[in-house]
Amino acid sequence: MAMKIAVLGGDGFVGWPTSLHLSDKGHEVHIVDNLSRRWIDAELGVQSLTPMDSIQERTRIWKEETGNTIRFHLIDIAKDYEVFKAWLDGERPDAIIHFAEQRAAPYSMKSDQHKNYTVNNNVSATHHLLNAMVELDLDAHLVHLGTMGVYGYSTVGAAIPEGYLPVGIETMSGDTVRQEILYPANPGSIYHMTKCLDQLLFQFYAKNDALRITDLHQGIVWGTHTDQTRRHAQLINRFDYDGDYGTVLNRFLIQAAIDYPLTVHGTGGQTRAFIHIQDSVRCVELALQNPPSRGDKVKVFNQMTETHRVRDLAEMISKMTGVRVAYLPNPRKEAAENDLVVENKQFLELGLNPTTLEEGLLSEVVDVAKKFAYRVDRSRVPAVSAWTKEIAADVERDP
Ligand code: NAD
Ligand code: USQ
């Protein structure tokens, strides 16, 4: 059934292809974005590897290509509560997808100002949305893009479940009471911490006001194209490669394309969860099709398809392209080595057919990277945001 869908943060890396995909499926899509990422690019002196047009131009091309209209609304949902509430009241969407947060861990750790900005922006954005939905009696299905990082990344003998952990609590009389709790939050950066705070906001509003909420705990997204962004050169997706916003696999692919030694942090023993952008978009659609009912607890999906160790990814890309691997001092405070096993059966049962690294898509991304390599500023490749002052001093001593 066609829905009216608000995509908050629809100008971003995951939001844009999601908006195109949903518009392609016949939904009425409204993008709400304050374009803060474009301002942050300017602040950092970086730009997307791929040449991105303005959001107005992108939606114009989409209309030309498909006849479908995607509307754009310039609203800061963290700062302009009344404007956002009035907009929601005017449109009353059936579903709201919430991507509109500052999402880079290194950016969130750059300075005290960046920590403040990330907490204020992310927590206010999420709370304004929930608060306005209650105030307006808006029974839309809210789908939020969360992160695997809310769990931390260590598997303690069992796969990380989808959101909830069954626990047995011993009572004073010696009986064991069984209960399900939110999996203990264990964030590794200020950014990841805001997603843990989001989880509590969701839990409260689902319980108190019976809001229908799905939280997608997503792994690291890689790739750039989806079926819709391929349709026209000007529909191309954002691709971040810089030391703050570039995520590890996409960074390694662009580094290989410009023959820049692959920047492995520490031993590269960190294991992380990954998902291709095409699957990410598909998962959001599956989540939209399977909303919780009013009064249900928050529905949580682990949105990832495979796990990899950082050094294995580097070695694989090194073999594929001939680029050297550089083992660098780690600017982050994180476990040097970890195992990670994650449950993701809900999306598989709903029909997700995962795109894996083995399917040759890596070389496709290298091709994109090679095509636009002339746009890379090599001085923006190193990750210089350190997690503590002590680490910053160490990294400076050993550049
Ligand atoms: P992105 O930075 O490319 O996009 C986020 C968008 O939100 C930007 O267009 C930005 O301008 C907008 N935005 C931020 N604050 C806003 C505000 N206050 N009001 C209105 N708009 C605002 O990020 P992305 O990579 O597309 O990630 C989208 C979501 O998915 C994020 O919430 C992120 O935490 C989550 N996620 C991303 C990844 C990944 O690898 N990229 C992995 C897991 C989860
Ligand atoms: N890493 C390197 N070299 C690099 C960049 C990163 O070794 O050049 C390492 C990091 O130290 C870390 C791992 O790779 O151990 C992942 O780093 P990342 O920047 O790819 O991912 P992360 O900071 O966790 O953040 C990204 C997105 C974030 C999302 C998260 C999902 O930016 O929005 O929430 O992935 S997850 O990692 O599952 O929590």
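User: Which residue in β13 is the bridge partner of T271?
Analyst: That's R309. Helices (H or I, at least four residues) and strands (E, at least two) are DSSP runs, numbered from the N terminus. This is a predicted model, where local features need pLDDT of at least 70 and side-chain atom pairs count only at pLDDT 80 or more, while totals for chains, interfaces and linings use all residues. Residues are numbered from 1 along each chain as its sequence is written, and chains are lettered from A and ligands numbered from 1 in the order in which they are written.
User: Do β11 and β13 pair in the parallel or antiparallel sense?
Analyst: Antiparallel: β11 (residues 271-276) joins β13 over four bridges. Strands pair if DSSP finds at least two bridges between them.
User: What order do the strands of that sheet come in?
Analyst: β9-β11-β13, three strands in an open sheet with mixed pairing.
User: And which strands stand at the edges?
Analyst: β9 (220-222) and β13 (306-309); each has a single partner strand, so one side of each is left without a neighbour in the sheet.
User: Where does D259 lie, then?
Analyst: In the loop between α8 (248-257) and β10 (262-265). D259 also has a positive phi, near 55°.
User: Is D259 buried or exposed?
Analyst: Exposed, with 11 C-beta neighbours inside 10 Å. R92 is partly exposed, with 13 other C-beta atoms within 10 Å. With C-beta atoms placed from the backbone, 20 or more others within 10 Å means buried, 12 or fewer exposed, and in between partly exposed.
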